[in-house]
Amino acid sequence: MIELIQFSWSPFCLVQRRILDYSGVRFKLTNIPNPDRTLVWRLTRQRYYGVPILRDGRTVVFETDDDSQVIAKYLDAKLQLDLFPKQFHGVDRVLWRFIEDQVEGACFRLNDIYWREFVPKVDQLGFLRHKERKFGRGCLDQWRAHQAEWLENLTKQLTPYECMLAQRPFLLRAEPHFIDFDLWGMLACFLQSGHYQMPAVHTCLQAWHRRMLHLKKADVPSEKLHS
Ligand SMILES: N[C@@H](CCC(=O)N[C@@H](CS)C(=O)NCC(=O)O)C(=O)O
């Protein structure tokens, strides 16, 4: 059985989890503590310490750079999801770079503000140290102090996607594309603390978000998947 090794609030893990749910395949979720990557390190034979990674029998799948999408492409090929159709090659890369940088940057900061509520007590020291070493001392308090600005920033970052969804049910076409799952994962991180809602001004995004939440491959007409 496919196993997703993750922690639950990571935007990148939420992308892969939604893809797996969408596919309908049975899979196992293994949560690791944020500060302890021993399992990832061991499974990747000392080549990777990030999450998510995937274990599928003897195969272990992990990213090779920030923009590689190795895991999503593996799932796409194995489960025949048609999430990377040829006609969007290139455009999709531009979009996922933007989503995983600009949109992700606002989403994870807005979520991290509530870190004491969702990081288990035993992992809080490691979490705080990791964040402060990466983003500077007091970063979590600063993000909280600038919460309104970060919310405004996120709302602005989402405007292009609202425009796209005014034209069609999913971001690039009539059926979901990897880009839909990618954006969905970033927003799932933003929403996971329960302190936020989708920005009210983006009505098409709200409707898309509701559609994406429980979407299954079986709901997408199969003739469209191969057209
Ligand atoms: N581009 C990678 C990014 C993965 C990533 O940045 N994961 C974070 C957690 S959200 C991580 O494990 N970073 C390494 C670390 O925390 O040391 C992907 O799509 O999986």
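At roughly what angle do the axes of helix 4 and helix 10 cross? The axes of helix 4 (residues 91–112) and helix 10 (residues 178–191) cross at roughly 10° and come within 8 Å, where an axis is a line fitted to C-alpha atoms over the stretch in contact and angles run from 0 to 180 degrees between N-to-C directions. The two helices are therefore roughly parallel to each other, a term for angles under 35 degrees. Helices here are DSSP runs of H or I with at least four residues, numbered from the N terminus.

This is a predicted model, in which local features need pLDDT of at least 70, side-chain atom pairs count only at pLDDT 80 or more, and totals for chains, interfaces and linings use all residues. Residues are numbered from 1 along each chain as its sequence is written.

The largest nonpolar core has 48 residues, and Cys107, Leu183 and Met186 have the most contacts inside it; such a core is a set of buried Ala, Val, Leu, Ile, Met, Phe, Trp, Tyr and Cys residues joined through C-beta atoms within 7 Å, buried meaning that 20 or more other C-beta atoms lie within 10 Å of a residue's own. Helix 10 supplies the largest share of this core, ten residues.

The protein is divided into domain 1 (2–79) and domain 2 (86–217), with bounds from an automatic or database domain assignment. Their centres, taken over C-alpha atoms, are separated by 19 Å, and 17 residues of domain 1 are in contact with 25 residues of domain 2, contact meaning C-beta atoms, placed from the backbone, within 7 Å. On the side of domain 1 that touches domain 2, helix 1 gives the most, with eight residues.

Technical notes:
Parallel < 35°, antiparallel > 145°, perpendicular 65-115°, else oblique. Buried ≥ 20, exposed ≤ 12 C-beta atoms within 10 Å, placed from the backbone. Contact = placed C-beta atoms within 7 Å.
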